[in-house]
Amino acid sequence: MTISTKVNRYFEEKSIEYQKVEHVHTNGSLSSAVASRVPLNQLAKAVVLEDHDGHNMMAILPADKKVSMSVLNAKFNAKFQLSREKDVYRMFSDCDNGAVPPIGEAYNMMMVCDQLLDTLDEVYIEAGDHQTLLKIERQDFRKMTSHAKHVRFGKEVYH
């Protein structure tokens with residue numbers, strides 16, 4: 001598998017251009033960035049959240065950050081939690097398990113995008129498998145996130 005069917009269709013419909021960056025098989029955004037020699041802050045990852053009413057939202061943020069639930073809960077007046085893995089696998093059935101492309105609109109999902117990504121000239125995203133990233137220029141990333149709320153919600157990850 002390379003680019004997911006829904007992502008491919010979405011890119012065609014929105015005329016979004018990209019460059020493929022292939023890498024060895026990895027099991028997460030951090031290792032994908034390292035394998036591709038992409039700065040962690042330039043790799044946008046997707047985290048699927050569920051609110052207190054069972055509605056899903058995709059949080060898109062740099063790979064070197066983690067979601068601040070308290071910021072999102074306050075901003076949306078909700079109580080978010082991580083969606084269950086099996087539910088995410090079902091929602092993204094055209095992707096390898098765990099390789100979620102950060103394009104909520106392609107999956108009819110509400111999105112919130114961390115403002116840190118808005119300042120980048122280029123952003124890398126998962127394509128839907130564990131061996132391909134897509135490099136997207138600023139203007140096309142803006143198209144992809146034009147229906148998202150843009151909020152600063154990523155917090156530092158300490159290792």
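Mentor: Start with lysine 65. Its relative accessibility is 7%, so lysine 65 counts as buried, the cut-off being under 20%. Keep in mind that this is a predicted model. What does the side chain of lysine 65 meet in a salt bridge? The partner is aspartate 64, at 3.7 Å from N to O. Aspartate 64 has 23% relative accessibility and counts as partly exposed. The pair does not stand alone. Salt bridges with shared partners join Asp64, Lys65 and Glu156 into one network.

Now set that beside other pairs. The count of salt bridges comes to nine. One of them links arginine 90 and aspartate 87, with 3.5 Å from N to O. Both residues sit in helix 4, three residues apart, which is about one turn of the helix. Arginine 90 is exposed, at 56% relative accessibility. Aspartate 87 is buried, at 12%.

Helix 5 holds another pair. Lysine 143 forms a salt bridge with aspartate 140, and the closest N and O atoms are 3.4 Å apart. These two also lie three residues apart, about one turn of helix 5. Lysine 143 is partly exposed, at 36% relative accessibility. Aspartate 140 is buried, at 7%.

The largest nonpolar core has 31 residues, and Phe11, Phe92, Ile125, Phe141 and Met144 touch the most other members. Several elements give two or more residues to this core, among them helix 1, helix 4 and helix 5. Look closely at phenylalanine 141. Which residues does phenylalanine 141 contact, leaving aside its neighbours within four places in sequence? They are Ala44, Ile60, Cys113, Leu117, Val123 and Ile136. There is also a second, separate core of 13 residues, which includes Leu61, Phe80, Val151 and Phe153.

Next, helix 2, residues 29–36. Here Ser29, Ser32, Ala33 and Ser36 are buried. Seen down the helix axis, the buried residues of helix 2 fall within an arc of 100°, so they line one face. What do they pack against? The answer is strand 1, strand 2, strand 7 and strand 8.

Follow the chain just past helix 2. There arginine 37 takes a positive phi of about 60°. Serine 15 is another case, with a positive phi of about 55° although it is not a glycine. Serine 15 sits in the loop between helix 1 and strand 1. Is serine 15 buried or exposed? It is exposed, with a relative accessible area of 51%. Asparagine 108 also has a positive phi, near 55°. Its place is the loop between helix 4 and strand 6. At 76% relative accessibility, asparagine 108 counts as exposed.

To go back to where we began: lysine 65 is buried, and its side chain meets that of aspartate 64 in a salt bridge. Find that pair in the view, then trace the network on to Glu156.

Notes
Residues are numbered from 1 along each chain as its sequence is written. This is a predicted model: local features need pLDDT of at least 70, side-chain atom pairs count only at pLDDT 80 or more; totals for chains, interfaces and linings use all residues. Side-chain values use heavy atoms; hydrogens and water are left out. Helices (H or I, at least four residues) and strands (E, at least two) are DSSP runs, numbered from the N terminus. Buried means under 20% relative accessible area, exposed over 50%, partly exposed in between (1.4 Å probe, protein chains only). The arc is that of the directions from the helix axis to the C-beta atoms. Contact means heavy atoms within 4.5 Å. A nonpolar core is a set of buried Ala, Val, Leu, Ile, Met, Phe, Trp, Tyr and Cys residues joined through side-chain atoms within 4.5 Å. A salt bridge is a side-chain nitrogen of Lys or Arg within 4 Å of a carboxyl oxygen of Asp or Glu.
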